[in-house]
Amino acid sequence: MKKTEVLVVCTHQEILNTVVRLVNSNTEMSAIGANTLEQAITTFRSANFDLVLVGAGLEKTEETELENVIRKVNRKIPVVHHYGGGSGLLFTEIYEALK
């Protein structure tokens with residue numbers, strides 16, 4: 001079974017590590033993290049992601065730039081904004097976006 005590939009973007013390294021670990025704890029998913037806009041764009045272009053999870057730390061203009069890059073590659077890739085709330089909320093947001 002193919003895993004859902006998730007790019008996690010968050011400028012706070014400890015939070016990024018936690019979210020990547022949480023996503024990777026789900027046997028149906030595989031996550032890679034990026035902690036800068038540039039790293040996120042490079043990583044996004046280097047693999048086939050099913051979803052992009054944006055956490056705290058990016059400026060609004062950076063979020064817009066990232067979403068523009070994603071839309072140019074594939075308009076159907078969901079972009080989920082997650083700013084905390086525990087793993088239950090995290091997985092609910094991911095599953096809702098993938099419907």
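Predicted model: local features only at pLDDT ≥ 70, side-chain atom pairs only at ≥ 80, totals over all residues.
Residues are numbered from 1 along each chain as its sequence is written, and side-chain values use heavy atoms, with hydrogens and water left out.

If we take a salt bridge to be a side-chain nitrogen of Lys or Arg within 4 Å of a carboxyl oxygen of Asp or Glu, the count comes to three. Let me start with Lys2 and Asp50, whose closest N and O atoms are 3.0 Å apart. Lys2 lies in the segment before S1 and Asp50 in the loop between helix H2 (37-46) and S3, so this pair ties together parts that are 48 residues apart in sequence; helices (H or I, at least four residues) and strands (E, at least two) are DSSP runs, numbered from the N terminus. On accessibility, with buried meaning under 20% relative accessible area, exposed over 50% and partly exposed in between (1.4 Å probe, protein chains only), Lys2 is exposed at 59%, whereas Asp50 is partly exposed at 27%.

The next pair, Lys60 and Glu63, has its closest N and O atoms 3.7 Å apart, and both residues lie in helix H3 (residues 60-73), three residues apart, or about one turn of the helix. Here Lys60 is exposed, at 61%, but Glu63 counts as buried, at 8%.

Finally, the side chains of Lys99 and Glu96 meet at 3.1 Å, N to O, with Lys99 exposed at 77% and Glu96 partly exposed at 48%.
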